[in-house]
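Subject: Structure handover

Hello,

Here is the structure you were expecting. Please load it first, then read the notes below it.

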Amino acid sequence: MCNCKQDTESRLVEALAEPDQLPEGATKISARLTGYAMMLGENLMRFRQVMPIEVEFQLPTKAGVMKLKKQKMSMTANYCMFCGEKYE
Ligand SMILES: [Zn+2]
């Protein structure tokens, strides 16, 4: 399991500390990559990248009128987007 999430967050904090990245006087900077889901494995917790999906479809009501419906879903990645390592 790679450490790309933590490594990237660390690099982001370093980059954000450079001049002109954040308003002057900013301190205690933190950055968190949010496109991850925590997966429970055998005695382990792992993070996997997640792609949110917005689904739209027509569905008939009881009266038989078609109505637009929206549903949010997500797709979990099989490989790390930073280094390409396959998730276990
Ligand atoms: Zn990686």
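A definition to start: strands, marked E, are DSSP runs of at least two residues, numbered from the N terminus. Two of them count as paired if DSSP finds at least two bridges between them. With that in hand, take Leu 59: its opposite number in E3 is Lys 67. Please keep in mind that this is a predicted model.

Overall make-up

The protein has 1 helix and 3 strands. Along the sequence they come in the pattern α-β-β-β. The radius of gyration is 20 Å, whereas a compact globule of 88 residues would be near 12 Å. The C-alpha trace spans about 60 × 40 × 25 Å along its principal axes.

Burial is quick to report. Of the 88 residues, 0% count as buried. Contacts are worth a look too. Take those with a separation of 6 or more: residues 24 or more positions apart account for 32% of them.

The sheet

The 3 strands form an open sheet. Its order is E1-E2-E3, and the pairing is antiparallel. E1 and E3 are the edge strands, each pairing on one side only. From one strand to the next, the twist averages 40°.

Now for the pairing of E2 with E3. Strand E2 covers residues 45–60 and runs antiparallel to E3. How many bridges join E2 to E3? There are 11. Pro 52 has a bridge partner in E3, namely Ser 74. Leu 59 and Lys 67 stand opposite each other, as noted above.

Strand E3 itself spans 66–76. E3 is hardly covered: among its 11 residues, the count of buried ones is 0.

The hairpin of E2 and E3 has 5 residues between the strands. Gly 64 in this hairpin takes a positive phi, near 90°.

Ala 26 sits in the loop between helix H1 (4–16) and strand E1 (36–40). Is Ala 26 buried or exposed? Ala 26 counts as exposed because it has 10 C-beta neighbours inside 10 Å, and the cut-off for exposed is 12 or fewer. Ala 26 and Leu 16 are 10 residues apart along the chain. Their C-alpha atoms are separated by 9.7 Å.

Best regards

Technical notes:
Residues are numbered from 1 along each chain as its sequence is written. This is a predicted model: local features need pLDDT of at least 70, side-chain atom pairs count only at pLDDT 80 or more; totals for chains, interfaces and linings use all residues. Helices (H or I, at least four residues) and strands (E, at least two) are DSSP runs, numbered from the N terminus. The radius of gyration is taken over C-alpha atoms; the globule rule is 2.2 Å times the number of residues to the power 0.38. A residue is buried if 20 or more other C-beta atoms lie within 10 Å of its own, exposed if 12 or fewer, and partly exposed in between; C-beta atoms are placed from the backbone. Two residues are in contact if their C-beta atoms, placed from the backbone, lie within 7 Å. Axes are lines fitted to C-alpha atoms, for helices over the stretch in contact, and angles run from 0 to 180 degrees between N-to-C directions.
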